[in-house]
Amino acid sequence: MFDDFFTRALLVGIGVAAIAGPLGCFIIWRRMAFFGDTLAHSALLGAVVAVLAEINLTLGVFLVSAMIAVALYFLQKKPSLSSDALLGLLSHSSLAIGLTALAFMTWIKVDLLGFLFGDILSVTKIDIVIVYASALAILALLLLIWRPLLAATVNPDLAQAEGMNPGRANLIFMLLMAAVIAISMKIVGVLLITALLVIPAATARRFAASPEMMAVIAAVIGVLSVVTGLQASLNWDSPSGASIVVAAFVFFLISLLPWRRFKGSLNK
């Protein structure tokens, strides 16, 4: 089964989508899409570091993204620069540094398009193990901080007053984001990672009655997007990563239909 490139791609995509959905919900609730973009852009710099240091690509991307996340966490506590300015500075700077470094690495053949847009059809058995081991660890940590993180999202001051330590929960969430970016890069690439996090969660928001339900629905929609996008890519020879994002966007457009009115007409 694992010798089939399409099956490997499907398994890896499902693993990433299942964990990207719940984390994406917090991005939607906290309006942190720009933060996701910043970490995604830093992933290219992480790929450069991985190539130069001759270490695993996912590990290199995680290390650099985690450093950016921690830097943002502490810099946001200082009033000298607004959060938007910090995000813009780090986002575009890290992407530019990564692209510039790649231009000078003439002695190494690098698939720049694969970094930017992903190459899910080239995943290996090792990638499957890394993705699912990482996804289980991310899910376990997310469940551990779910209550304080949700409380901090709704009312940070109240969460602090109740001793939930929202600052620690926020830092762990940022590191989890870095981990998801690292395992997602090979799937949809630097430029499309945030879409995989945001679009399924935005779609799930239309149907969910509770935060927990929204997280589950977002994961399901993410998985459906991966399956639909890969099948479309196979049938029409379109870019796999982009096809997955397009499929997610189509599901979002479907969610905009007046479902309540349609449900009401069925009940008459």
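Student: Where does glutamate 54 lie?

Tutor: Glutamate 54 sits in the loop between α2 (33-53) and α3 (57-75). Helices here are DSSP runs of H or I with at least four residues, and strands are E runs of at least two, numbered from the N terminus. This is a predicted model, with pLDDT of at least 70 needed for local features and 80 or more for side-chain atom pairs, while totals for chains, interfaces and linings use all residues. Residues are numbered from 1 along each chain as its sequence is written, and side-chain values use heavy atoms, leaving out hydrogens and water.

Student: Why is glutamate 54 called exposed?

Tutor: Its relative accessible area is 73%. Exposed means over 50%, buried under 20% and partly exposed in between (1.4 Å probe, protein chains only), so glutamate 54 counts as exposed.

Student: And what makes its phi worth a look?

Tutor: Glutamate 54 has a positive phi of about 55° although it is not a glycine. Most residues other than glycine have a negative phi. Aspartate 237, in the loop between α10 and α11 (240-255), also has a positive phi, near 55°. At 72% relative accessibility, aspartate 237 is exposed as well.

Student: How is isoleucine 172 classed, and why?

Tutor: This residue of helix α8 has 23% relative accessibility, so it is partly exposed. Its C-alpha is 10.0 Å from that of isoleucine 138, which is 34 residues away in sequence. Isoleucine 138 is among the buried residues of α6.

Student: How do you know that the span of α6 is close to the expected one?

Tutor: Helix α6 (residues 125-154) has 30 residues.

Student: What marks the bend in α6?

Tutor: A bend is the angle between axes fitted to the seven residues ending at a residue and the seven starting there. At tryptophan 146 the bend is about 60°, and proline 148 follows within four residues.

Student: What covers the buried residues of α6?

Tutor: The cover, judged by contact (heavy atoms within 4.5 Å), includes α1 (5-30), α7 (156-161), α8 (166-188) and α10 (211-236).

Student: How do α1 and α10 cross?

Tutor: Their axes come within 7 Å and cross at roughly 145°. Axes are lines fitted to C-alpha atoms, for helices over the stretch in contact, with angles from 0 to 180 degrees between N-to-C directions.

Methods. The expected span of a helix is 1.5 Å times one less than its number of residues.
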